[in-house]
Amino acid sequence: MATQIKQSNPGKSTQLRRLLESPDLEFILEAHNGISARIAEEAGFKGIWGSGLAMSAQFGVRDSNEASWTQIVDMLEFMSDVTRIPILLDGDTGYGNFNNMRRLVKKLEQRYIAGVCIEDKQFPKINSFINGERQPLADVDEFCGKIKAGKDSQDDPDFCIIARIEALIAGWGMSEALKRAEAYHEAGADGILIHSKLSKPDEILEFSHEWARRLPLIIVPTTYYSTPVEVFHKAGVNLVIWANHMIRAAVAAMEKASREIFENKSVANLEDRIAPIKRIFTLQGADELTRAQERYLHPGRPETHAIVLAASRGNALHELTHDRPKVMLSIGGKTLLRRLLDEFKKQSINQTTVVAGYKHDAIDTAGITLRINNEYETTGELTSLLCAEQDFNEDMIITYGDLLFRSYILDDLLELDGDIVMVVDSDLDNSPISGKPDYAYCSRTDDRSMFRQDISLKHISEDEKTDLGEPSGRWIGMLRIRGNGLNWLKQGLGELQQREDFTQLTLPDLLNHLVKQDIPVKVHYIHGHWLDVNTLQDIDRAGDFTKA
Ligand code: SPV
Ligand code: MG
């Protein structure tokens, strides 16, 4: 896992700072090792809480600094390596005095950890929910010195130091909590975490009211979890930490599974209710390694190339595409094209051809081969595809340029057998429909309980109903061609070129042409997790999608 994601991601601390300063109420989720961090990211969380409780628990020790701080940092390194979202470490008391804090900040920055939260208790700490009221607090001045020492030793200006106040839990009252918050603010803290163990949010709300947004406010609603989160937002809370739910979910699942296996002396009954081995491989990034092996150990084999069709303006986006084609629209600070290229790189796809047309001069050509369809205004996708003919490869992905998708979709597609495979979203109810959807009518509908179903395309059309009945899903605009597929594709293109209306034909026309000739076009079903950008509304959706 440790080598999956390049470490040159300088944006994690900036991402965390944005979460703290966001006008929305934001949420981060506890994770305690590499795999749980990856799962939290895939679920859509924008950040991770490196919980002291959960990390100690997964080591099987108490939340009392029994795991050494270097063991915690080692674990964080695994978590950081496999994720792109920021990690806020629950740094307990900073594991010592100001000097330990200085070294901690250095070591965290070296591992791209976005920030650390320290609590005003004494080392070695004990979890706040165990006899919290009897735990001694840190001296205010000493704790302020620790915050200052941390701030002075960070290199990255966006690295965040959060001061956590335990005065309410320790029974020292609201005015002590507020006094401490002000002192920590002055010492340079980037945010205040106010902790409470009441089952109602009363003291948190009172604190928020008195605090009046002087610094970002963070809460951990473990005991007052039944409060609707809108209440927190209204009260001025910026960030909610779901602090221990991944370890608790994992423990409950492991207890149930282990009991059942023990009692039944069999795993047959359990098999369908636990993650398939393949899912574990996916979370480990095993497929990328397979492809890397092909690239580095067997360099003679064809690499996967990508062809991106990006000739259109995207008329429905109006002014936004006045001076650039759709693929150059920036979503969350990165263009659609750059996002695609990043996804390709993750899968070791390093050769990409982009077929442009409208405002092709505005395309950032770094890392791509640019081909131009000068007739883009009067021609269709197949004409664009032909512009890239010289870049066709024995193994290639063809995709529209306005596509956003979760990484696993391309990852899975690259793993499948089949000479021509198309990705179809079987979730017609939930996927937002904009533009003209390409409905796929397939040999079978999606049976999600079956792994690797053998399904083929029967017809693809913009019609929501045909003689074939209801559609089985929507083609997302992504196709893989390999092996015989390339010859079939070339042959199909050649045949269609004979037609008078060739210039108007689209990729679905090509797919239908192939299917008619009994060429197997395989279908790989997915269930959401993608988006194409056609309308202004899609831009908002895309922003949310990339933030998630
Ligand atoms: C942790 O997750 O370890 C925390 C939060 O510090 S709490 O357990 O609520 O104190
Ligand atoms: Mg903790």
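Me: In which loop is the place of Asp92?
Reply: This is a predicted model. Strand S3 covers 87-90, and helix H5 covers 98-110. Asp92 sits in the loop between S3 and H5.

Me: What is the phi of Asp92, which is not a glycine?
Reply: Asp92 lies in the loop between strand S3 and helix H5. Although Asp92 is not a glycine, its phi is positive. The value is about 50°.

Me: Is the peptide bond from Phe123 to Pro124 cis or trans?
Reply: Pro124 is in the loop between strand S4 (115-119) and helix H6 (140-153). Omega for the bond from Phe123 to Pro124 is near -5°. That peptide bond is cis.

Me: Are H3 and H4 roughly parallel or roughly perpendicular to each other?
Reply: Helix H3 spans residues 52-59 and helix H4 spans residues 69-81. Their axes come within 11 Å and cross at roughly 100°. Angles of 65 to 115 degrees count as roughly perpendicular. H3 and H4 are therefore roughly perpendicular.

Me: How many charged residues has the contact of H3 with H4?
Reply: H3 brings Met55, Gln58 and Phe59 to the contact, and H4 brings Gln71, Ile72, Met75, Leu76 and Met79. By class, six are nonpolar and two are polar. The number of charged residues is none.

Me: Is H7 oblique or parallel to H8?
Reply: Helix H7 runs over residues 174-187 and helix H8 over residues 202-211. The two axes come within 11 Å, with a crossing of roughly 45°. That angle makes H7 oblique to H8.

Me: Is the crossing of H7 and H8 left-handed or right-handed?
Reply: The helix axes cross at roughly 45°. The crossing is right-handed.

Me: How many residues of the contact of H7 with H8 are charged?
Reply: From H7 come Met174, Ala177, Leu178, Ala181, Glu182 and His185. From H8 come Glu203, Glu206, Phe207, Glu210 and Trp211. Six of these residues are nonpolar and one is polar. The charged residues number four.

Me: How far apart are the C-alpha centres of domain 1 and domain 2?
Reply: The domain assignment gives domain 1 (2-252), domain 2 (266-301) and domain 3 (302-547). The C-alpha centres of domain 1 and domain 2 are separated by 34 Å.

Me: What area is buried between domain 1 and domain 2?
Reply: Domain 1 puts five residues into the contact, and domain 2 puts in six residues. Carbon and sulfur atoms give 51% of the buried area. That area is about 500 Å².

Methods. Residues are numbered from 1 along each chain as its sequence is written. Chains are lettered from A and ligands numbered from 1 in the order in which they are written. This is a predicted model: local features need pLDDT of at least 70, side-chain atom pairs count only at pLDDT 80 or more; totals for chains, interfaces and linings use all residues. Side-chain values use heavy atoms; hydrogens and water are left out. Axes are lines fitted to C-alpha atoms, for helices over the stretch in contact, and angles run from 0 to 180 degrees between N-to-C directions. Helices (H or I, at least four residues) and strands (E, at least two) are DSSP runs, numbered from the N terminus. Angles under 35 degrees count as roughly parallel, over 145 as roughly antiparallel, 65 to 115 as roughly perpendicular and the rest as oblique. A crossing is left-handed if the near helix is turned anticlockwise from the far one by less than a right angle, and right-handed if clockwise. Contact means heavy atoms within 4.5 Å. Ala, Val, Leu, Ile, Met, Phe, Trp, Tyr, Cys and Pro count as nonpolar, Asp, Glu, Lys and Arg as charged, and the others, Gly among them, as polar. Domain bounds come from an automatic or database domain assignment. Buried area is the accessible area (1.4 Å probe) that two parts lose on being put together, summed over both.
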